[in-house]
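The sequence and the coordinates are shown first.

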Amino acid sequence: MALTSPTMTVMTAAVRKASRKLSRDFGEVENLQVSKKGPADFVTAADLAAEKVLREELERARPGYSFLLEEGGVIKGTDATHRWIIDPLDGTTNFMHAIPHFAISVALERNGVIVAGVVYNPVTNELYTAERGRGAYINDRRLRVSSRTNLTECLFATGLPFHGKAHHESTLSEVGAVMTMAAGVRRFGAASLDLAYVAAGRFDGYWERDLAPWDIAAGILLVREAGGMVSDFVGRDNSLKSGEILATNGVVHDRFRTLLAGGR
Ligand code: IPD
Ligand code: CA
Ligand code: CA
């Protein structure tokens, strides 16, 4: 059985409503893709529109909660103990290029601790949910990280920095170290889904740096509630602040961390 707490019901309803808008806009992007104008402006509008729906729905259901929104920034509510952390469209570059791999990510933080998370890919209709202490789910099915122990059998995911970002060299060295030891390395382009895939046992591990809290807040809870481990590159529980994340099935965590460090 999926999670059915009042909080989760509120979150999934808001996410599904915002996703209807995103799906319509994605259909439009697929058309714009072949037009001269290109989809860039349109996608910016899609981000904003989805975020507006999420904000309105969550505010209506939980008046006074604070927000950390990718597009709208910090909004202080009357209730400082609760905060929604939201990425209305994670995987913007995929979306803009008509690649059906993107998601909405919503997390709820209570007194500085992430207590609930939802990641939803409207194209595949995969709804990932987690609540602290209550497990992680994909739609109605309980999630469990993989049990692979040999690095050579593991599939890892990462995020590659692009134009205007730092750490190109160190990322390349890390990829170099991992690809010689693992079954494969993937770069799919949506951090929230990379984490959801670790929780689902599809990826055995994932690493990336320079991420924002809205990219990873919900996904971190998904991985932990599915039995996995999340840390920064030196093993601390600090990813939301540092933007540096290493998420694995737990079994390979330390060996994978050492492998990455050796590549740098
Ligand atoms: C991006 C995606 C991508 C990651 C980038 C993020 P956005 O988020 O999660 O996978 O590599 O660093 O900024 O911009 O598509 O919401
Ligand atoms: Ca993002
Ligand atoms: Ca985004």
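In this predicted model, lysine 17 and glutamate 57 form a salt bridge in which the closest N and O atoms are 3.1 Å apart. Lysine 17 belongs to helix 1 (residues 6-32) and glutamate 57 to helix 2 (residues 40-61), so the pair ties together parts that are 40 residues apart in sequence. By the rule applied here, the count of salt bridges comes to twelve. Side chains of opposite charge can pair when their charged atoms come close.

The chain is divided into domain 1, covering 6-142, and domain 2, covering 151-262. Between the C-alpha centres of domain 1 and domain 2 the distance is 21 Å.

Eight strands make up an open sheet of mixed pairing, in the order 2-1-3-4-5-6-7-8. Strand 2 (73-75) and strand 8 (141-142) each have a single partner strand and stand at the edges, so one side of each is left without a neighbour in the sheet. Strand 2 runs antiparallel to strand 1 (residues 65-69), and three bridges join the two. Within this pairing, phenylalanine 67 stands opposite isoleucine 75 of strand 2. Helix 5 (residues 191-199) packs on this sheet, where helix 5 touches strand 3 (79-90), strand 4 (103-110), strand 5 (113-121) and strand 6 (126-131). The direction of helix 5 makes about 75 degrees with that of strand 6. Helix 6 (residues 213-225) lies across strand 1, strand 3, strand 4, strand 5, strand 6, strand 7 (135-138) and strand 8. Relative to strand 5, helix 6 runs at about 100 degrees.

A further open sheet has five strands, ordered 10-9-11-13-12, and its pairing is also mixed. Its edge strands, strand 10 (184-186) and strand 12 (229-231), each pair on one side only. From one strand to the next, the twist averages 15 degrees. Strand 9 (residues 155-158) and strand 10 run parallel and are joined by three bridges. Phenylalanine 156 has valine 185, in strand 10, as its bridge partner. Helix 5 packs on this sheet, touching strand 9, strand 11 (205-208) and strand 13 (245-248). Here the direction of helix 5 makes about 155 degrees with that of strand 11.

The boundary between the domains can be described in terms of contacts and area. On the side of domain 1, 34 residues are in contact with 21 residues of domain 2. Together the two domains bury about 2000 Å² between them, and 66% of this area is on carbon and sulfur atoms. Of the area that domain 1 buries against domain 2, Asp90, His101 and Tyr128 supply 28%, more than any other three residues.

Which polar features does the rule find across the interface of domain 1 and domain 2? Eight residue pairs are in polar contact there, both residues of each pair being at pLDDT 80 or more. The rule also finds one salt bridge across the interface. In a salt bridge of the model, the side chains of glutamate 126 and arginine 202 meet at 2.7 Å, N to O. Strand 1, strand 3, strand 4, strand 5, strand 6 and strand 7 each supply at least two residues of the side of domain 1 that touches domain 2. Strand 5 gives the most to that side, with seven residues.

Note on methods:
Residues are numbered from 1 along each chain as its sequence is written. Chains are lettered from A and ligands numbered from 1 in the order in which they are written. This is a predicted model: local features need pLDDT of at least 70, side-chain atom pairs count only at pLDDT 80 or more; totals for chains, interfaces and linings use all residues. Side-chain values use heavy atoms; hydrogens and water are left out. Two strands pair if DSSP finds at least two bridges between them. Helices (H or I, at least four residues) and strands (E, at least two) are DSSP runs, numbered from the N terminus. Contact means heavy atoms within 4.5 Å. Axes are lines fitted to C-alpha atoms, for helices over the stretch in contact, and angles run from 0 to 180 degrees between N-to-C directions. Domain bounds come from an automatic or database domain assignment. Buried area is the accessible area (1.4 Å probe) that two parts lose on being put together, summed over both. A salt bridge is a side-chain nitrogen of Lys or Arg within 4 Å of a carboxyl oxygen of Asp or Glu. A polar contact is a pair of N or O atoms within 3.5 Å; within protein, one must be able to donate a hydrogen and the other to accept it, and residues adjacent in sequence count only if both atoms are side-chain atoms.
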